[in-house]
Amino acid sequence: MTGRESGPARCTHWDGAAGRHCGARASVRPYLTGFRCPAHTPAALAGRPEPQPGPGWPAAAWATPSPQSASAVIDHRAIASGKRRSSPTTYRAAQQAVARKDPAA
Ligand SMILES: [Zn+2]
């Protein structure tokens with residue numbers, strides 16, 4: 001049992017007590033330590049649960065661009081406050097839009 005054998009992969013876990021490799025063929029998957037059956041995966045040998053596939057990056061990750069509407073709201077407020085440059089017409093329109101949203105102010 002040296003080198004690669006032809007046919008389906010076998011579990012290469014070394015059973016020291018029995019003096020042989022596990023050799024199971026069912027549900028064998030490749031790991032950094034070699035091919036392993038479900039009973040001899042690195043997580044199983046360490047007594048931990050198998051890692052589950054995750055959802056991936058969160059939707060609000062830093063790489064996700066902000067929606068156009070969110071930046072438009074910020075722009076209206078900035079223009080109305082006078083912090084963002086704009087034409088007098090745009091400035092007045094932004095002030096009216098902000099005043100409509102917040103009648104108490
Ligand atoms: Zn095995």
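Q: In the protein chain, what share of the contacts with a separation of 6 or more comes from residues 24 or more positions apart?
A: The structure is a predicted model, and contacts are taken here as pairs of residues whose C-beta atoms, placed from the backbone, lie within 7 Å. Among the contacts in the protein chain with a separation of 6 or more, the part that belongs to residues 24 or more positions apart is 12%.

Q: Which pattern of strands and helices does the protein chain follow along the sequence?
A: The secondary structure of the protein chain comes to three helices and four strands. Read along the sequence, these elements follow the pattern β-β-β-β-α-α-α.

Q: Is S27 buried or exposed?
A: S27 is found in the loop between β2 (20-21) and β3 (29-31), and S27 has a positive phi of about 55° although it is not a glycine. Most residues other than glycine have a negative phi. The limit for an exposed residue is 12 or fewer other C-beta atoms within 10 Å, and because S27 has 11 of them within that distance, S27 is exposed.

Q: How far apart in space are H21 and R10, C-alpha to C-alpha?
A: H21 has its place in strand β2, and with 16 other C-beta atoms within 10 Å, H21 is partly exposed. H21 and R10 are 11 residues apart in sequence, and their separation in space, C-alpha to C-alpha, is 9.0 Å.

Q: Which residue is 21 residues apart from R77 in sequence and 6.7 Å apart from R77 in space, C-alpha to C-alpha?
A: R77 is found in helix α2, which covers residues 68-81, and R77 is partly exposed, with 15 other C-beta atoms within 10 Å. The residue that lies 21 positions apart from R77 in sequence and 6.7 Å apart in space, C-alpha to C-alpha, is V98.

Q: Which residues does S86 touch, not counting residues up to four places away in sequence?
A: S86 has its place in the loop between α2 and α3 (88-101). S86 counts as partly exposed because it has 15 C-beta neighbours inside 10 Å, a number between the limits of 12 or fewer for exposed and 20 or more for buried. Leaving aside residues up to four places away in sequence, S86 touches I79 and Y91.

Notes:
Residues numbered from 1 in each chain as written. Predicted model: local features only at pLDDT ≥ 70, side-chain atom pairs only at ≥ 80, totals over all residues. Helix = DSSP H or I, 4+ residues; strand = E, 2+ residues; numbered from the N terminus. Contact = placed C-beta atoms within 7 Å.
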